[in-house]
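Colleague: I would like to go through this model and ask what stands behind each term. Please set each value against its cut-off.

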Amino acid sequence: MARGKLITFEGGEGAGKSTQARLLAERLRAEGVGAVLTREPGGSAFAEQVRALILGPSTADRGALAEALLFSAARADHLERTIRPALEAGQWVICDRFSDSTRVYQGVAGGLPKAVIEALERLVVAETAPDVTVVLDLPAADGLARARSRSEPGGPGGRGSDADAFEGRPLSYHERLRDGFLMIATAEPERCVVIDALQPEAEVAQQVWAAIVARGLRQGG
Ligand code: TMP
């Protein structure tokens, strides 16, 4: 049985990652490909508990190293219990955020040295690097406006008051995130595709699919 593919979606707040990850999983299933839709932090019982801890209401400040270790602990469990078993069973895994988020949020924007991030990635991700990473790109101010409207009670995304600890950080922080994702995409053009997330949802989905086909992972489309 051929190993499945790991496709990750990355980008700043309000880029539409969750929607696009879901649309890709649905398209794959419609094509007869088994696809597991998952997210980080989260995607396994323990990792979801870590998610609640990291993103839940807290008044305690914390350092980037503590954050990186928590995200990495969640990722280790997610890989062990969800991602690797699915890939080995020939399923595709579509993941809303993955290790590039640690590189960018805790590394580029959080100030952790590259060597620390790389060491964590070697330890936790090891051979399970993404086959394709879709970077959904938009200006930080637009993304934040979308994320905040989604977080308002009655907002379009229906997240209620589920604004997370990161959304409240200043615009300059979110601009560093955008630059960070674009830097990764420039450095790893074979793995990464950058898509303009200001386009209509259906157009973005079409370009995501075209990127998968262009990499020879699916025929047709
Ligand atoms: P979101 O997926 O709803 O955007 O929430 C996840 C938040 O966690 C988001 O603000 C980015 C942040 N995050 C990190 O800082 N590092 C990571 O490694 C991951 C996976 C997420």
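Colleague: Where is the place of serine 101?

Modeller: Serine 101 has its place in helix H4. Helices are DSSP runs of H or I with at least four residues, strands are runs of E with at least two, and both are numbered from the N terminus. Before going on: this is a predicted model, in which local features need pLDDT of at least 70 and side-chain atom pairs count only at pLDDT 80 or more, while totals for chains, interfaces and linings use all residues. Residues are numbered from 1 along each chain as its sequence is written, and side-chain values use heavy atoms, with hydrogens and water left out.

Colleague: What makes serine 101 count as buried?

Modeller: The relative accessible area of serine 101 is 7%. Buried means under 20%, exposed over 50%, and partly exposed in between, with a 1.4 Å probe and protein chains only. Serine 101 is therefore buried.

Colleague: Which residues is serine 101 in contact with, leaving aside its neighbours within four places in sequence?

Modeller: They are Glu10, Gln106 and Phe181. Contact means heavy atoms within 4.5 Å.

Colleague: What is the order of the strands in the open sheet?

Modeller: The 5 strands are ordered S2-S3-S1-S4-S5, with parallel pairing. Two strands pair if DSSP finds at least two bridges between them.

Colleague: Why are S2 and S5 placed at the edges?

Modeller: Strand S2 (35-39) and strand S5 (192-196) each have a single partner strand, so one side of each has no neighbour in the sheet. From one strand to the next, the twist averages 20 degrees.

Colleague: How many bridges pair S1 with S3, and how many join S1 to S4?

Modeller: Strand S1 (residues 6-10) and strand S3 (residues 92-96) pair in the parallel sense over 4 bridges. S1 and S4 also run parallel, joined by 4 bridges. In S3, threonine 8 has cysteine 95 as its bridge partner, and phenylalanine 9 has aspartate 96. In S4, the partner of glutamate 10 is valine 135.

Colleague: Which way do the residues of S1 point?

Modeller: Leu6, Thr8 and Glu10 point one way, Ile7 and Phe9 the other, and all are buried. S1 is thus mostly covered, with 5 of its 5 residues buried.

Colleague: How do you know that phenylalanine 9 is buried?

Modeller: Phenylalanine 9, which lies in strand S1, has 0% relative accessibility and therefore counts as buried. Its contacts, leaving aside neighbours within four places in sequence, include Leu24, Ile94, Val134 and Val208.

Colleague: How many disulfides does a search of the whole structure find?

Modeller: The search finds 0. Cysteine 95 is in no disulfide, and the nearest cysteine sulfur, that of cysteine 192, is 14 Å away. A disulfide is a pair of cysteine sulfur atoms within 2.5 Å.

Colleague: What radius of gyration does the chain have, and why does it agree with a compact globule?

Modeller: The chain has 17 Å, and a compact globule of 221 residues would have a value near 17 Å, so the two agree. The radius is taken over C-alpha atoms, and the globule rule is 2.2 Å times the number of residues to the power 0.38.

Colleague: What share of the chain counts as buried?

Modeller: Of its 221 residues, 46% count as buried. The chain contains 8 helices and 5 strands, and along the sequence they follow the pattern β-α-β-α-α-β-α-α-β-α-α-β-α.

Technical notes
Axes fitted to C-alpha atoms, helices over the stretch in contact; angles between N-to-C directions.
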